[in-house]
Structure formats: C-alpha cells, structure tokens
Protein chains: 2
Amino acid sequence: MSAIRYELIKTCKQSGARLGRIHTPHGVIPTPIFMPVGTQATVKSMTPEELKEIDAKIILSNTYHLYMRPGHKLVEKAGGLHKFMNWDRAILTDSGGFQVFSLGPLRKITEEGVEFRSHLDGSKHFISPEKAIEIENSLGADIIMAFDECAPYPASRDYVKNSLERTTRWAKRCKDAHKYPDRQALFGIVQGGMYRDLREQSAKEIMELDFPGYAVGGLSVGEPKPLMYEVLEYTTPLLPKDKPRYLMGVGSPDALIEGVIRGIDMFDCVLPTRIARNGTAMTSHGKVVVRNAKYAEDFLPLDPECSCYTCRNYSRAYIRHLIKANEILGARLITYHNLYFLLKLMENVREAIMEDRLLDFRREFFSKYGYEL
Amino acid sequence: MSAIRYELIKTCKQSGARLGRIHTPHGVIPTPIFMPVGTQATVKSMTPEELKEIDAKIILSNTYHLYMRPGHKLVEKAGGLHKFMNWDRAILTDSGGFQVFSLGPLRKITEEGVEFRSHLDGSKHFISPEKAIEIENSLGADIIMAFDECAPYPASRDYVKNSLERTTRWAKRCKDAHKYPDRQALFGIVQGGMYRDLREQSAKEIMELDFPGYAVGGLSVGEPKPLMYEVLEYTTPLLPKDKPRYLMGVGSPDALIEGVIRGIDMFDCVLPTRIARNGTAMTSHGKVVVRNAKYAEDFLPLDPECSCYTCRNYSRAYIRHLIKANEILGARLITYHNLYFLLKLMENVREAIMEDRLLDFRREFFSKYGYEL
C-alpha cells in the first residue's frame, strides 16, 4: 500500500503535457505543480498561512540542512516536520545527496556512502543510503527521495556510468531501509547525465525497483537549457504513465513550461525566493530588478497585471527603498509575489492543458515575458 | 485649529495615572499607549495588517533616516508616509535631532542648526529647525516633533542650561516654520537633564509657545531608572492636563508602567523589535532568551499565557531553530509576539486605570515578571 496515488486526468492534445492529481496523506496536489523550497523548515520569510493564501499545496525541505540543524531527532521529538513548522499540507524532502556531493573537497564517496564535513562547524559525518532514509523517516515528509549521486556537468561517460550504477544499488538499499512506505512515498531518481543510453539504463534499473514516483535528477546542473530539454525529451517517455514525474531543481518560468510540455508533473527551485531577497521580481513582462535606480520613483506595483497582496498594496519605489535599506519586509513582499507568480503560472498551465492549448499558452507567455521560443 | 485633540477620560484614584484618548486625522488613539517604531517606513519585519491584528493604533517613524533614505521629497511624491508604507492609522515622526546629536564627532552644533555627515555615505548635511519641519511636513505624520537637543547623560548644569535654552529658541522657530498645523500636530519637547530647576525652566518656556502636546525628552539616555522616575515625578505635573504627554524612548515593561503612574500618555522604543531579532522574547514571566541552548527541546510556546499568533502556533524549539539558522521567520515571530505583549500590557494598564487599581496591577505584574518594586 503506497502512501500516495497519482491520478492522470488528461493529456493535452496540443502538447502531450499531463494534467493530474497526487493524493497524499496531507492533501491532494494538482499537477503540474511548483513546490516552494523551505530548506531549513521554513520557506524563507513566509508563514504557513501566507503559503496557503497563495495556494501552495506542497513544499520541499532539505534533509541535509535539517540533519545538521536542528537535527532529525529533535524534529522527530517535536512530532515530525509538519508539526515542528506548523504546516499541515504536503511536504517532500530531498535525500541530502545533492548537498553532500556539492561539498566538493569536504566529502569522500565510497560504495558504503559519503563521508563529509559540516558546512556549519567542520564536524565529520557519514551519510549512507540507510542513514538518509533514517533521517527522512524521522522528518516524516509525505514524499521522500532516494539517496543518489547527482553527477556534475560536464562529466565523462565512465564517471556517469559508474555513478548511475551506484545510484541504482543505493536506491535498492534505500527501499530496503524505508520503514514507513504506507505513510511516506519513496521516489526513485533517474540519473545518467547527458548520455541517452545511460539515461535508458538508469530508468530501466530504477523502474525495476518499482517506486511510487520517479524523479529526473542530474539536470539543471549548469548545462545549457536546450540540452536539458533534449535529455527530458528522451527520458520522460521511459517513465511509467501511472506515477508522478519530478524534475529536480527547476524553477525559471520558461523551464517550468518546457518541462511540463515534456511530461513533467512536479518541480522545485530556490530561484523565486532567492532572487526575491536580492530585489528581483518575476513579472508577466519579465524580470524587474526593483533594486535598480530606475525604479526609485516608480509608483507602479511590481507587476501591474498581478493581483497578489504585494501588488495590490505596495509600489516599486517603496519595495526598492525596503531592499536598499535591508528591511525584512522587502524580502517578504517580493518573496510573496514571486511565489504567487509561479504558482499562478502553474495554475494557468493546468488550465491550458485542460483546454488542449498549452503550446498557444507558451507562445503568448514567452512573447510577453520576453523569452525566445 | 489643532490637528489633534486630547480627551482626558479619568484619573486612576489609586495611582493618579491618566486614561484618555487622542483624536488624530488617522483615528482615535486610546492612552496610555505604546508606539511601535518603524524607523525606515516599516516596523521591522511586520506588515501593516499584522500591526492592525495586534491592535497598534499609532507608529513612530524616524525623520533622520527617511531624510537620508529614500529622501523626504520622494515620500512626498508618493503621497506622504501613510500612503508610501500603506499604513492608514496614525503616525508620529521624531525630528531627527536625537539621531543627529548621536553622530558624535560627525556633527557640529551652531545656533543655526546642526551640520553632520551621513551615516550611510559620509555626505555632508545641515539640519536646522526649519529644515526638520520642512522634512516632517513632507512626510505628513499626524504628530511631528520639534527639533531639539537631547543632552547626554551625564552633562554639566551649564551644558544642559545652554542646550535647553537653544531648544526653546529652536522650538519657536519650528512653530513658525510649520506649514500644516491643522493637519499635523507639532509637539514641544521639555529638556533640562536631571536638574529640577532646569526642567522647570524648560517646561515654562516650552509651554509658553502653546503646543498641542508635550514630550519629556532627555530621559532614557543612560541614567539609572530611579533617577528617570524622579525627574518624571517633578516634570510631568508641570505639563498642562488637557494635552497629551509623551515620554520618548521608553519601552521596557517596568518603565512603561512607572511612566504611566507618573502621568505619561505615550511611549515609543525600539526595544521590543530589536531584542526580538536577537532572539529574546518578553513574556509574563520575564525575558526568555529563546536563542539559549536550554530551549532547544522546549516545545512550549514563547509565553504559555499569551494568545498571540506566535504563541498559538509555534514552539520555543522551533523559534530557537529559526533564530540560530538566521531565518527571517524567527525575527518575524518574536517581533510579532513582543509587540503584542507590550500592546496587551498597555491595554491591561488602561483597564487597571479605569478600575482604579493600577498600583495593584503593577505589584502583580512585577512579581510575575521578576522585577523588584
């Protein structure tokens, strides 16, 4: 009995994109969906109520960060991550693999797992597939990810092949270690870098383990976007139609739409929250770097076509002032807007799929946003 | 025709404290009241809606900071401070005097005004009483303060005497320069340091100018609290009964209650918002430094007796985690609680005055909070 169930509602006749629903222990998620990132058990600057106002149905939290601080045992004592952070909708946790591998010289990979030093205090740690799942079991998210290696870009064929094969062996160990498959759905991750045959090999091996959902990993790691789209084009069709498909680490408006067109159901990215804190807003007419001097006396909202709380109440001039003055409210207002913008975009994408016009929607959206098709 | 009107409702039979109301162009303010500080046109980390949730009726903003950034002309173009920051209740602006005098070696005082260098970029500026009022007129607050010199503590009798006499001359110039007395009430400020006869001289001189409200300045500048209370005891009775009295820069729970008992109606202080960002909460049982290790596994709310949003939804353990991890939500949650705590305290103080039992209230509050009477 799986913790989640994917329901395919329809396929867009124009684009092939999927409209669906994921039933989770903490509510139903319409797909395609964007998941705001709450790395340290908080979506930076936002309360859970605000996330609900903008209709977020699922958020992502980072296992590596929570393991380091405040520690998964503490979160477990608090009654799990939902209760700890006061969020009663769905949560997905990554496995920590991506963060650990990003530590570079601070880590050492063996068949058993990864030894690394904390980014906080330099203390020594070891995460194996079993340990990652133990942590994710303690955190208690609705969807948890297998401990994989996300190969860098570029990487040699040999490196990627070895790495994906180890990822398969680790996926098996994750599945065996998972204590609560009826409460937490463990997703497998397809690797294989930018090599078609390796993607095929990885998809085959991971699918043999029969997970309730699959992620495409190893993309959005620095490769050009056309290459990412090409890999998606031959990878997504390998995945089963009755399970959700998650493209990790993607959150720019163009890549979200292109990903959906290539059959993806779920996305996450720190982009909207990170650029917000820097003073950059996503708007229907492209990015607005509100920090720039040209907005000093601009009394329009961030996005005149947006009806979010920020755009209904504040001017670019005021928000620019807040950002320049390092005021918390500045980060709050832009974060709120950016997340609203992406969640609204995904709502519009779902509507376009329902009406079999996602390619038309892409053309209109891109032309307004200022993207090249 | 004055912009505001003070209405004395009653005097506490037990303590002599005043219960009243100030009618302003942006609503009625029950007194005694605490005013949250929004230095840079934002009460740090809070939205206007949140300030309304906790029943803030008036906030303070700092003229010096807004003059420096984003500039008073910009705020005027935006339609004034209320519109710029989306706050439709009352605002008080200080005169910038306190900040300018605090610049120490960066400033030079003459009869004409104060020359100083910006704390932001070192640029040279000159603020005279006329300039301060011009800025405050542009900002458009309901209550504006005269440009005074707040003498340091300790200071010699001669220094304080010269300074208060100049403050009187400047108060006259402020009054003459004020363009909108029917829309903005200009308050005079009584100085005189810790010298009784100088306080008497200053009160007499300032009252001769007939302002719609009076502040007691030059306190809470480093002197021991008993000395501040002593100065208040002989200064407040000098002020007219039919005008509001404002004690500048005071916001610790004990000093608020002691100030009210000595006849004060209005207070402001950065204390609740500043200590919040450091991880310290004010609670009915005293300060809780939630950043401390002993709260790591404490799943109680900041103040188990408090019914604010923060205390209804989050544990000390979670808030401690947020503060340790430098998460904006941590500052938000404690700021919200601390301001709620002080505004609720003042509500309780008003109720105690109404029921002629403010001294009883003080005894009970102090004993629980852990203050010595």
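This is a predicted model: local features need pLDDT of at least 70, side-chain atom pairs count only at pLDDT 80 or more; totals for chains, interfaces and linings use all residues.
A residue is called buried when its relative accessible area is under 20%.

Helix α10 of chain B, residues 253-261, is mostly covered, with nine of its nine residues buried. These run through Pro253(B), Asp254(B), Ala255(B), Leu256(B), Ile257(B), Glu258(B), Gly259(B), Val260(B) and Ile261(B). The cover over them includes the strands β4 (33-35), β14 (266-268) and β15 (280-283) of chain B. It also includes the helices α9 (225-235), α14 (328-354) and α15 (358-369) of chain B. After α10(B) comes Gly263(B), which has a positive phi, near 95°.

In chain A, an unreviewed UniProt entry lists Asp94(A) and Asp268(A) under "active site". The two are spread over 175 residues of sequence, yet they cluster in space, with a largest C-alpha distance of 10.4 Å.

Asp94(A) is located in the loop between β6 (90-93) and α5 (97-102) of chain A. Because its relative accessible area is 8%, Asp94(A) counts as buried. Leaving aside residues up to four places away in sequence, Asp94(A) touches Ser61(A), Asn62(A), Thr63(A), Tyr64(A), Gln99(A), Glu136(A) and Met145(A).

Asp268(A), by contrast, belongs to a strand, β14 (residues 266-269) of chain A. Its relative accessible area is 8%, and Asp268(A) is therefore buried. Setting aside residues up to four places away in sequence, its contacts include Phe34(A), Met35(A), Val37(A), Leu60(A) and Tyr246(A). With Tyr246(A) there is also a polar contact, made between the two side chains at 2.7 Å.

Notes:
Residues are numbered from 1 along each chain as its sequence is written. Chains are lettered from A and ligands numbered from 1 in the order in which they are written. Side-chain values use heavy atoms; hydrogens and water are left out. Buried means under 20% relative accessible area, exposed over 50%, partly exposed in between (1.4 Å probe, protein chains only). Helices (H or I, at least four residues) and strands (E, at least two) are DSSP runs, numbered from the N terminus. Contact means heavy atoms within 4.5 Å. UniProt positions are given in the numbering used here, feature names are shortened, and annotations may be inferred rather than shown by experiment. A polar contact is a pair of N or O atoms within 3.5 Å; within protein, one must be able to donate a hydrogen and the other to accept it, and residues adjacent in sequence count only if both atoms are side-chain atoms.
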